[in-house]
Amino acid sequence: FRPTFGTHHTISPVIAQVPLLTTNLSRKRLQQRLCEDSQVRMASAPHRNLSELLHEVFGHREFRAHQQKVCEAAASGRDVMLVMPTGAGKSLCYQLPALAREATALVISPLIALMDDQASKLAALKLRVARIHSGLSREDSRQACRDYLAGELDFLFIAPERMRVPGFPEMLAKRKPGLVAIDEAHCISQWGHDFRPDYRTLGQWLPMLRPAPIVALTATATPSVQRDIMAQLNLQEPAVFITGFRRHNLAVEALEMSKPERAEFAAKLLSEKTARPAIVYAGSRKQAEELAEKLGRRFPTRAYHAGLEPSVRERVQTDFLGGKIEVVVATVAFGMGVDKADVRTVIHVSLPGSVEAYYQEIGRAGRDGQPSRTVLLHSFGDRKLQEFFLDKSYPAAEELERVERKLTDEWVEPAEIARKLRMDPERTGVVLDKLMAAGVAQADVQGLVRGTGNKDWQRGYEAQVHARRSQVNRMVAFAEGTQCRMVSLVRHFGDTSDDGQPCGRCDVCSPGSVAGPSLRQPDPDERRSMLKILGALGGGNRSVGKLFTEVGASIGVRDRKRFDSLLDALAKAGLLQLANDTFQSEDGREITYRKASATLEGRDADESSFGAVWLRGLEEGKASKRSSRRAIGSASVPQGKTSQWSAQQKQIAQALKDWRKEKAAEMKTPAFIVFGDTVLEAIVEALPQSVAELEGVRGMGSEKVNRFAVDVLRICKKSAPARSQSARTTTVSRAPAATARKEKAAVARPARGDEASSTVRATSSVVKANVQRTQPAPLAPAEFTPAQQELDTRLRSWRMECARGLGLPSFFVFSDTALRGIVESTPRTLEELRAVRGLDREKVERYGAEVVALCRA
């Protein structure tokens, strides 16, 4: 006998050769000894080369990003905690190491559809795969067990509930697996968005399957969930990988929209052939059915939810994967196991219950790497719906106590408990699930339940409810947020490998390319209203409701929705901050509300500050006036005054349009982000010849002047006719006289070289000086020492330069709060800088050295 312990060999033939006179006890000891010896050899023997297996078995010549290190860690026998987004190749990270370890891999998976999908793909690769779940016959399950014990499988897929079948874990332990993979591991955590009681108990069975390494995989675990998973599974010094959350091909959008408008919006968005195939996520079965019926009148659409017969759900999924159905309107029951690469659009017509669930669902889009769109439609009413679901899924502690008192050490049917307590059977089932999760109750494979004697559960349950409520709050904060959507998602999951750069594709980074209503810049009345709002906030913060009551009527805005749109526009431009807060009502309920506060830039805002402010849609009664401007990013110049322009003015307008188009392409943004048609028209009318004159053009705020002055003035100087000194003086008078004199002197003393290049250099120097001059005044200067005021000026100049290089507003570099924190603490080391509130690790790593140098200067 020469022991070999790969998947192609078994111990059973060796046992069969033992002489018949050997007692049952000695045979059992021999079998145990051989199994133990096999595990020692399995753990220490060299494994097959990962790169060769990758090519030979899976047909790939290269690993995807981040896969190789994960596979190497698992293949070497280390426990692994892997958080990697949907579509990034998580499955390979347990499949390849399992084959390299040359022993059967046990895969614990939550959904039959997910098991079947992965098993069929592995079987197509000529690998030996078996499954054990409720959808298979008893004989099929028995045969899978026999094949497992005989060592004839590469992979065995089971559901977590299988581990509480009497004798099943012991059967697995007779021939220990080479690797244990726990898919969708977030289900283990009490903080996870898809909590499942049988996942929670997996940790108690894993020790008997050691020394196999445990690989926990999920796409949606936040840092707190990650810690809980590792603790519940008792992972031994695991290799932790949290990476790859940025999806470069996804345009993530969140649009506030009333519920009655959403069906028609979805229909219009999906009417373009390029927007399909698509998945539309609905908040309820009824909503899914109704919306599927409406969309089905235009293109092949079906509903999918847990209330349908299994055969119907399977047919819908198969037809969608095969292209017979172009759109699926589904509840959260649809998604896991759906591996369709070319989904172009994912629409949420209802707010998801958590950022984790939302990220997993939008991850179904664009798996082929091609540009795809995800659109989240939401309104304040969605929060109420989520709170209703929360109350339904997490009963009051008093209900749990009633059921707990009826539990004994004898097995009983849940229906009997419901009858005794006169409770709804479905509600009783929900309560029992929570008690099982807390370790208060147990269930057997027949569904009978009994108590465990554990009475210490209230505090943990309350923490669980609070965590679940926090998930809803974070989802609302994401939907209402004003930060780059992709950066928000990456930071939510704690992806340490990401550089934190804005994506340039979402509705925050590229507002002109969104799927919703067109954007426009505020008119003079709206700008004045916004200035009054910012002035009313002063240096503090106020609830949005109270602010509306106090300011709305005075600015002529009596519609709360309209008022909120002004606040959102200010927030997206970095002039105002919106945040969620809570307070306790008299009856003890936690009430959530929004509060607003002006940023430093917002407190110093004036008419020139609105270049980056954009409002969604048209005001009632003004559609005809603005109809020519609805095409966002259009290269056309509005008609009206333009018909009276001279040939030279039209020439300048065309030159500015061409330059704007090139600049927009360079910045990867729509043309209107550079400046809109109204501003272009104003430049042509004013024909500025200096920085000060350009500042006087309506719509050219300091940010735009600092960024574009050199190019714009070059075009105006090159094409402009000679103007009288009086005309020029009139225009210059809009800016401070001292600045005008400096500019005139700078132009009058050109450096060496030809006249054109010297003019550009002179203008560039003026712009650089203008950056220093146009910094917003520091907040409450009296609170700063002279040294702090000087540092504040240096930091603002530096921040603006950085933002200009990124082609983004300055608050993307550092928020005003962080800037003030730096000024107040004046850190002189990176360690001191890390302690400043509002600075995350990525910011410190990227900008820390420069900031500390400015503080030391």
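Here are some questions and answers about this predicted model.

Me: Which strands stand at the edges of the open sheet of six strands?
Reply: Happy to walk through this one. The strand order is E8-E13-E12-E9-E11-E10, with parallel pairing. An edge strand has a single partner, so one side of it is left without a neighbour in the sheet. That is the case for E8 (250-256) and E10 (301-304).

Me: What is the average twist from one strand to the next in that sheet?
Reply: The sheet in question is the open one with the order E8-E13-E12-E9-E11-E10. From one strand to the next, its twist averages 15°.

Me: How many bridges pair E8 with E13?
Reply: You can pick out individual partners here: valine 252 is bridged to threonine 374 of E13, and glutamate 253 to valine 375 of E13. E13 covers residues 372-378, and its pairing with E8 is in the parallel sense. The number of bridges in this pairing is seven.

Me: Which residue of E13 stands opposite valine 346?
Reply: Strand E12 (residues 345-348) runs parallel to E13, and four bridges join them. Threonine 374 of E13 is the bridge partner of valine 252. The residue of E13 opposite valine 346 is likewise threonine 374.

Me: How many of the seven residues of E13 are buried?
Reply: A residue counts as buried when its relative accessible area is under 20%. Helix H19 (residues 458-480) packs on the sheet and touches E8 and E13, its direction making about 115° with that of E13. E13 is mostly covered, and its buried residues number six.

Me: At about what angle does helix H12 run to E10?
Reply: H12 spans residues 285-295. This helix lies across strand E9 (278-281), E10 and strand E11 (327-330). Its angle to E10 is about 175°.

Me: Which residues have the most contacts inside the largest nonpolar core?
Reply: In soluble globular proteins, nonpolar side chains tend to be buried together. Here the largest nonpolar core has 74 residues, and H19 gives the most to it, with five residues. Leucine 172 touches Leu106, Tyr148, Leu156, Ile158, Met163, Pro177 and Leu209, leaving aside residues up to four places away in sequence. The residues with the most contacts inside the core are Leu156, Leu172, Ile182 and Leu233.

Me: How many residues are in the other core, which includes Ala73 and Val80?
Reply: This core lies apart from the largest one. Its members include Leu96 and Val215 as well. The number of residues is 37.

Me: Are H21 and H23 roughly parallel or roughly perpendicular to each other?
Reply: Helix H21 (residues 524-537) and helix H23 (residues 560-572) pack with their axes 11 Å apart, at an angle of about 80°. Angles from 65 to 115 degrees count as roughly perpendicular. The two helices, H21 and H23, are therefore roughly perpendicular.

Me: How many residues of the contact of H21 with H23 are nonpolar?
Reply: H21 brings Glu526, Ser529, Met530, Ile533 and Leu534, while H23 brings Arg562, Phe563, Leu566, Leu567, Ala569 and Leu570. One residue of this contact is polar and two are charged. The number of nonpolar residues is eight.

Me: What is omega for the cis peptide bond from arginine 276 to proline 277?
Reply: Most peptide bonds are trans. Even so, a cis bond joins arginine 210 and proline 211, with omega about 15°, and proline 211 is found in the loop between helix H9 (197-200) and strand E6 (214-218). Proline 277 is in the loop between helix H11 (259-270) and E9. For the cis bond from arginine 276 to proline 277, omega is near 5°.

Me: Is lysine 126 buried or exposed?
Reply: Lysine 126 lies in the loop between helix H6 (112-124) and strand E3 (129-132), and has a positive phi of about 70° although it is not a glycine. A residue counts as exposed over 50% relative accessible area. The relative accessible area of lysine 126 is 74%, so lysine 126 is exposed.

Conventions
Residues numbered from 1 in each chain as written. Heavy atoms only, no water. Pairing = 2+ DSSP bridges. Axes fitted to C-alpha atoms, helices over the stretch in contact; angles between N-to-C directions. Contact = heavy atoms within 4.5 Å. Buried < 20%, exposed > 50% of the residue type's maximum accessible area, 1.4 Å probe, protein only. Core = buried A, V, L, I, M, F, W, Y, C linked by side-chain atoms within 4.5 Å. Parallel < 35°, antiparallel > 145°, perpendicular 65-115°, else oblique. Nonpolar A, V, L, I, M, F, W, Y, C, P; charged D, E, K, R; others polar.
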